[in-house]
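These are my notebook entries on what I looked up. The sequence and the model come before the entries.

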Amino acid sequence: MSLTPGIIRSSFASATLFLPEDKGTQSWGRAFISMRELPFPSVTITTDLGKTKDIESVGVAALWLVAHWPVQTGDKYQAARQACLEAWDEKVTCTACRDAFIEAAKEAGIYVTHKRL
């Protein structure tokens, strides 16, 4: 089953996203993932409008990867998406997810800076 990615419902602290099935990735067959914030130190990226955006949680990182990412291909992009799922499942730390997000942002050419740990 494949559906178009996007936000289904959102609220102040959480949102529900549909995440599409992708060939070569595990766990994306789940139709809905309930987002928790899972904060991490800020990572700054550039938006398609040339502005900067601070990403400060696993939930916001996942939203950007699914709904706003400029190029939805690449090994580091796939690894960052998987890291978000694994952070929600408590299989990896928020820091590991953040590190994967930074690498994906560099791969996509939208990385600006991040707060040092």
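I took contact to mean heavy atoms within 4.5 Å. Helices (H or I, at least four residues) and strands (E, at least two) are DSSP runs, numbered from the N terminus. The model is predicted, so I noted that local features need pLDDT of at least 70, that side-chain atom pairs count only at pLDDT 80 or more, and that totals for chains, interfaces and linings use all residues. Residues are numbered from 1 along each chain as its sequence is written, and side-chain values use heavy atoms, with hydrogens and water left out.

Entry on the helices. I looked up which residues of α1 meet α2, and found Val58, Gly59, Ala61, Ala62 and Leu65 against Tyr77, Ala80, Arg81, Cys84, Ala87 and Trp88. By class, this contact has nine nonpolar, one polar and one charged residues (Ala, Val, Leu, Ile, Met, Phe, Trp, Tyr, Cys and Pro count as nonpolar, Asp, Glu, Lys and Arg as charged, and the others, Gly among them, as polar).

Entry on the strands. I found that β4 (39-46) pairs with β5 (residues 52-57) in the antiparallel sense over five bridges; pairing requires that DSSP finds at least two bridges between two strands. Ile45 stands opposite Lys53 in β5. Five residues lie between the two strands of this hairpin, and Gly50 in the turn has a positive phi of about 80 degrees. I also found β4 joined by three bridges to β6 (residues 111-114), again antiparallel, with Val43 opposite His114.

Entry on Glu37. I located Glu37 in the loop between β3 (32-34) and β4. Its C-alpha atom is separated by 9.6 Å from that of Ala61, 24 residues apart along the chain.
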